[in-house]
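Please view the sequence and the structure below before reading on.

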Amino acid sequence: MKFTTKSASVLLAILVASTVGGTIASAEVKAGDALKIESSGKVKVEGEGDTGGPDGDKDKDIEDPETDDKTTPTDPDEVDYNGEKGPIKVEAVSQLEFGKIQPIAKEIKQFSTPLKTTGGDRGALVQFADVRSEKFGYKLTAKMTEQFTTTKGEDKIKLDGSTIGYKNLIVKPEKGNTNTFGTLGKDAGGFTLGQDGSSAEVFVAGDKQGKGRYVAEFGQSKDYVAPENVIGAGVADTADKSVELTIPMKTASNMAQGDYVAKIQWALNVTP
């Protein structure tokens, strides 16, 4: 068969297109790989570090348990800040102010006043955090380490038998803390601390739990609405009705005048 010039040209074009097309497709794949390359960035994590919480010197902000914001005590002296460095620690705790009482021939019960902050009234607060590397597990506990005591000359006088009761607990993670949360402890529903030194279990973090920062609050403001991710129910209008001093009648009827101070220890007990 004799090909015409036109037929030969068409056939050649088809052959060239098929060959070149295959070559181009293959080349495009190879060229695609060649058009990109990855660089690398390096960082080394070492040492135990620090939680980075408020130090009470320049930084007095604490987590607000009722909103996603931070808040500042209107009187910073009403909060004790932990200036020690560490990867797991209780960062701040509010003081308890029970006001004034007088000797009386019956049992005395008196609530602590709420903490005044820029965000409004708040219940008694405890802020804590855990940023340990590859380590998990702790329990937040509370105990009375010293009974209400005043000093008269060389004598120390105590309000024997007095106790402090806590209730209406919520625990809120810091905004942005999406780690697996811990849980309320076995005594979180309400507990009483006395001079026997027994401890209450407030919050528990197990394996792979409890990283980041949390704030616990005993009693909530009158406008309280549970924020997202809060642990515990909370009860509105209880900021001034959740931490209660009880003095037995025997002591209340025989009290010396003075300024009495008790000490409550909040501790993060590391668990295996």
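## Overall architecture

The model is predicted. Its chain contains two helices and 18 strands, and 38% of the 272 residues count as buried. Among contacts with a separation of 6 or more, 76% join residues 24 or more positions apart. The chain has an accessible surface of about 16,100 Å², with carbon and sulfur atoms contributing 51%.

## Largest pocket

The largest pocket has a volume of about 1,200 Å³. Its lining comprises 50 residues, of which L96, E97, F98, F148 and Y260 are the closest to the centre. By class, the lining residues comprise 29 nonpolar, twelve polar and nine charged.

Several strands supply at least two lining residues each, including strand 4 (88–94), strand 8 (124–130) and strand 17 (243–247). Strand 18 provides the largest share, six residues.

## Aromatic pairs

The whole structure holds twelve aromatic pairs. One of them joins F98 and F148 in an edge-to-face arrangement, 6.2 Å centre to centre with 70° between the planes. F98 lies in the loop between strand 4 and strand 5 (108–111) and F148 in strand 9, so this pair ties together parts 50 residues apart in sequence. Both F98 and F148 are buried.

F203 and Y214 form a tilted pair, 5.3 Å centre to centre with 45° between the planes. Because F203 belongs to strand 15 and Y214 to strand 16, the pair ties together parts that are eleven residues apart in sequence.

Key:
Residues are numbered from 1 along each chain as its sequence is written. This is a predicted model: local features need pLDDT of at least 70, side-chain atom pairs count only at pLDDT 80 or more; totals for chains, interfaces and linings use all residues. Side-chain values use heavy atoms; hydrogens and water are left out. Helices (H or I, at least four residues) and strands (E, at least two) are DSSP runs, numbered from the N terminus. Buried means under 20% relative accessible area, exposed over 50%, partly exposed in between (1.4 Å probe, protein chains only). Contact means heavy atoms within 4.5 Å. Accessible areas come from the Shrake-Rupley method with a 1.4 Å probe; for residues, only the protein chains shown count as cover. On a 1 Å grid over the protein atoms alone, a cavity is a set of points where a 1.4 Å probe fits but cannot get out, and a pocket is an open set with protein on both sides within 12 Å along at least five of seven lines; lining residues have an atom within 4 Å of a point. Grid points are joined across faces, edges and corners, and a volume is the space filled by probe spheres set on the points. Ala, Val, Leu, Ile, Met, Phe, Trp, Tyr, Cys and Pro count as nonpolar, Asp, Glu, Lys and Arg as charged, and the others, Gly among them, as polar. Rings of Phe, Tyr and Trp (its six-membered ring) pair if their centres lie within 6.5 Å; planes under 30 degrees apart count as stacked, over 60 as edge-to-face and the rest as tilted.
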